[in-house]
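Please have a look at it on the screen before I go on.

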Amino acid sequence: RGLVSNLGGGEQMSVAGCLREGLSSPAEATYEDKKLEATLRHLTKDLFAAKVAPSTRTSRVNGNAYTASVFLNLLSLVDEMESDPVADAGRAADKAPRNGSGGSGGSGGSGG
């Protein structure tokens, strides 16, 4: 109630006043409201530390999974580019659409 928070820029506003102002504004007006963001961070700091922070340890140490997936896909691309041409031909044949008609097209080929 009587809490005063320094919200940057030399401005001070009561937490309750900042929340009241945020709640009375349209949602779109709060998206980039730095005072409201700072107030909410201040109010939820302990809860965040208890509930969320423990689950971020691995990402803080190793980096996020997005980075890992980018590099794995890059390695996959390099591997595909440096593949054996004979193996590539086999893979291409495996991926080629098959004629499901079962008619006489034969598997022996038609060239000579």
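Let me begin with a pair of helices, H1 and H3, whose crossing is left-handed. Please keep in mind throughout that what you are looking at is a predicted model. H1 covers residues 15-24, and the axes of H1 and H3 come within 10 Å while crossing at roughly 125 degrees. That angle makes H1 oblique to H3, because the oblique class takes whatever is left once the roughly parallel, roughly antiparallel and roughly perpendicular ranges are set aside, and the perpendicular range stops at 115 degrees while antiparallel begins over 145.

Which residues do the meeting between these two helices? On the H1 side they are Val15, Cys18, Leu19 and Gly22, and on the H3 side they are Lys35, Leu36, Thr39, Leu40 and Leu43.

I would like to stay with one of those for a moment, namely threonine 39, which sits in helix H3, a helix that runs over residues 34-51. Is threonine 39 buried or exposed? Its relative accessibility is 1%, and so it counts as buried, given that the cut-off for buried is under 20%. The side chain of threonine 39 also has a polar atom that lies 2.9 Å from the backbone oxygen of lysine 35, and lysine 35 is itself among the H3 residues that meet H1.

For a contrast, let us follow the chain into the loop between H3 and helix H4, the latter being residues 57-62, where we find serine 55. Serine 55 has a relative accessible area of 60% and is therefore exposed, since exposed means over 50%. Its side chain reaches the backbone oxygen of valine 52, at a distance of 2.7 Å.

Let me now step back to the whole protein. Its secondary structure amounts to 6 helices and 2 strands, and, read along the sequence, these follow the pattern β-β-α-α-α-α-α-α. There are 112 residues, of which 10% count as buried, and threonine 39 is one of the buried residues. The accessible surface comes to about 9,500 Å², with 56% of that belonging to carbon and sulfur atoms. Finally, if we take the contacts between residues at least 6 apart in sequence, 21% of them join residues at least 24 apart.

Conventions. Residues numbered from 1 in each chain as written. Predicted model: local features only at pLDDT ≥ 70, side-chain atom pairs only at ≥ 80, totals over all residues. Heavy atoms only, no water. Helix = DSSP H or I, 4+ residues; strand = E, 2+ residues; numbered from the N terminus. Buried < 20%, exposed > 50% of the residue type's maximum accessible area, 1.4 Å probe, protein only. Polar contact = N/O pair within 3.5 Å; in protein donor to acceptor, adjacent residues only side chain to side chain. Contact = heavy atoms within 4.5 Å. Areas by Shrake-Rupley, 256 points an atom, 1.4 Å probe, with all protein chains shown as cover. Axes fitted to C-alpha atoms, helices over the stretch in contact; angles between N-to-C directions. Parallel < 35°, antiparallel > 145°, perpendicular 65-115°, else oblique. Left-handed = near helix turned anticlockwise from the far one by under 90°.
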